[in-house]
Amino acid sequence: MNTEEPRWLSPLEQRAWRTHLAAHKLLEHRLDRELQAFGLSLNDYEILVNLSESPGHRMRMSDLADATIQSRSRLSHQISRMEAADLVSRETCPDDRRGTFAVLTEHGWQTIQKVAPHHVTNVREHFIDLLTDDQLHELEASYAPVVKHLKSLR
């Protein structure tokens, strides 16, 4: 059992942490609400983007789970909902019977093409255009080690 006193956050660290949490939650909530007008969630959109950018508009479910930072079971439930909306389908891997592909349907492709311009406008309005290029570079550089560390723990 660790009996050492915790390293409490300094006032600057506390403000930075709380600002990060608020920005992340508020931005995710806003973007999710704006996608609801198209019958999508932010998770749906992220899956559609990943599939639309993949060769043949398909990805192994395990790779898609990694790309979207979701558990395999959560992704499976998400894909089931998206299948019901005819956005994606599942196909068995021909060379690995245990593997499954998530595949973008024609309706899913048309949906991402229709929604993407609106979504990028919203991302610009609520995030990108509020920051300078220098701030964007700093943000990327600041988050890169955090992402690298957390991915190494998965």
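At 42% relative accessibility, Arg124 falls in the partly exposed class (buried is under 20% relative accessible area, exposed over 50%, and partly exposed in between, using a 1.4 Å probe and protein chains only). Its salt-bridge partner is Asp129, with the closest N and O atoms 3.0 Å apart; here a salt bridge is a side-chain nitrogen of Lys or Arg within 4 Å of a carboxyl oxygen of Asp or Glu. Asp129 itself counts as exposed, at 51%. This is a predicted model, so local features need pLDDT of at least 70 and side-chain atom pairs count only at pLDDT 80 or more, while totals for chains, interfaces and linings use all residues. Residues are numbered from 1 along each chain as its sequence is written, and side-chain values use heavy atoms, with hydrogens and water left out.

The salt-bridge count comes to five. One of them pairs Glu91 with Arg58, whose closest N and O atoms are 2.6 Å apart. Glu91 sits in strand β2 (residues 88-93) and Arg58 in strand β1 (residues 58-60), so this pair ties together parts that are 33 residues apart in sequence. Helices (H or I, at least four residues) and strands (E, at least two) are DSSP runs, numbered from the N terminus. Glu91 is partly exposed at 33%, and Arg58 is partly exposed at 29%. Asp66 and Arg72 make another salt bridge, at 3.3 Å between the closest N and O atoms.

Then there is the largest pocket, with a volume of about 1800 Å³. On a 1 Å grid over the protein atoms alone, a pocket is an open set of points where a 1.4 Å probe fits, with protein on both sides within 12 Å along at least five of seven lines; lining residues have an atom within 4 Å of a point. Grid points are joined across faces, edges and corners, and the volume is the space filled by probe spheres set on them. The lining has 39 residues, and His20, His24, Leu27, Glu28 and Tyr143 lie nearest the centre. Two or more lining residues come from each of α1 (11-36), α2 (42-52), α5 and α6 (133-152), with α1 giving the largest share, twelve residues.

Helix α5 (residues 106-126) also holds His119, which is buried at 11% relative accessible area. Leaving aside neighbours within four places in sequence, His119 is in contact (heavy atoms within 4.5 Å) with Leu31, Leu35, Leu42 and Tyr45.
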